Every structure is written in C-alpha cells, then in structure tokens.
Amino acid sequence: MTAPREVLDCRGQRCPLPVIAVARRLPELPVGTVVRVLADDPAAAVDIPAWCRMRGHEFLGKVTGDDGPAYDVRRQH
C-alpha cells in the first residue's frame, strides 16, 4: 500500500464534513497522490468509499491505528 502524502484530521467532525474536506483538498494535489482522512464518525466508513465511486477516485481502504479510524484515497484524475 502506498503511504499517504498528506493526512486530513477530521476527527470530531460529522459527515458530510470529512467528505467535503477531501473533496476540497484532492484537486490541489497531483494525480496519484494518496490522502489519509482521519474520521471517527461511523458514517465516514460508508460516505468516503461512496464519494470515491461517484467521483472516480480510488478508495484504498480503511486503516485503524493509534489515531483511530482512517480512510486512504488516491486521486485518479
């Protein structure tokens, strides 16, 4: 798995705020960049992969670590 270039800390935010954060940041980064979204709202587990499918970006998976649940997204276009 590719290491994330950037981490967006969205802990404590309710959906759709984590999705909005990644949607705003991803276009500013080069194609192929991996962003990790830290999000402890349970809805993020559904919302972030769904957003990736709708927008054509690659959802790399959920990561659980010391910072809590996180979701890796790769910019595709």
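These legends go with a handful of close-up views of one predicted model. Residues are counted from 1 along each chain as its sequence is written, and side-chain values use heavy atoms, with hydrogens and water left out. Since we're looking at a prediction, local features need pLDDT of at least 70 and side-chain atom pairs count only at pLDDT 80 or more, while totals for chains, interfaces and linings use all residues.

**View 1. The stretch with a database label.** UniProt, in an unreviewed entry, lists residues 8-32 as "domain: UPF0033". UniProt positions follow the numbering used here, feature names are shortened, and annotations may be inferred rather than shown by experiment. Helices (H or I, at least four residues) and strands (E, at least two) are DSSP runs, numbered from the N terminus.

View 2. Look for the peptide bond joining C15 and P16: it's cis, with omega about 20°. P16 belongs to the loop between β1 (6-9) and α1.

**View 3. P18, tucked into helix α1.** Helix α1 covers residues 17-25, and P18 is part of it. Is P18 buried or exposed? P18 has a relative accessible area of 0%, so it counts as buried (under 20% is buried, over 50% exposed, and in between partly exposed, using a 1.4 Å probe and protein chains only). Leaving out residues up to four places away in sequence, P18 touches C10, Q13, V37, A39 and I48; a contact means heavy atoms within 4.5 Å. K62 is 44 residues from P18 along the chain, and their C-alpha atoms are 14 Å apart.

**View 4. Two helices, α1 and α2, packed together.** Two packed helices are described by the angle between their axes and the distance between the axes. For α1 and helix α2 (residues 44-55), that's an angle of about 35° and axes 9 Å apart. The axes are lines fitted to C-alpha atoms, for helices over the stretch in contact, and angles run from 0 to 180 degrees between N-to-C directions. On the α1 side the contact uses P18, V19, V22 and A23, and on the α2 side D47, I48 and W51. Sorted by type, these residues are six nonpolar, no polar and one charged.

View 5. Over in helix α2 you'll find I48, which is buried because its relative accessible area is 0%. Skipping residues up to four places away in sequence, I48 touches P18, V19, V37, F59, Y71 and V73. The largest nonpolar core has 15 residues, and V22, V35, V37, I48 and W51 have the most contacts inside it. At least two residues of this core come from each of α1, β2 (34-38), α2 and β4 (68-74), and α2 gives the most, with four. A nonpolar core here is a set of buried Ala, Val, Leu, Ile, Met, Phe, Trp, Tyr and Cys residues joined through side-chain atoms within 4.5 Å.

**View 6. R53, out in the open.** R53 is also in helix α2. With a relative accessible area of 65%, R53 counts as exposed. R53 and A43 are 10 residues apart in sequence, and their C-alpha atoms are 16 Å apart in space.

Definitions and conventions. Ala, Val, Leu, Ile, Met, Phe, Trp, Tyr, Cys and Pro count as nonpolar, Asp, Glu, Lys and Arg as charged, and the others, Gly among them, as polar.
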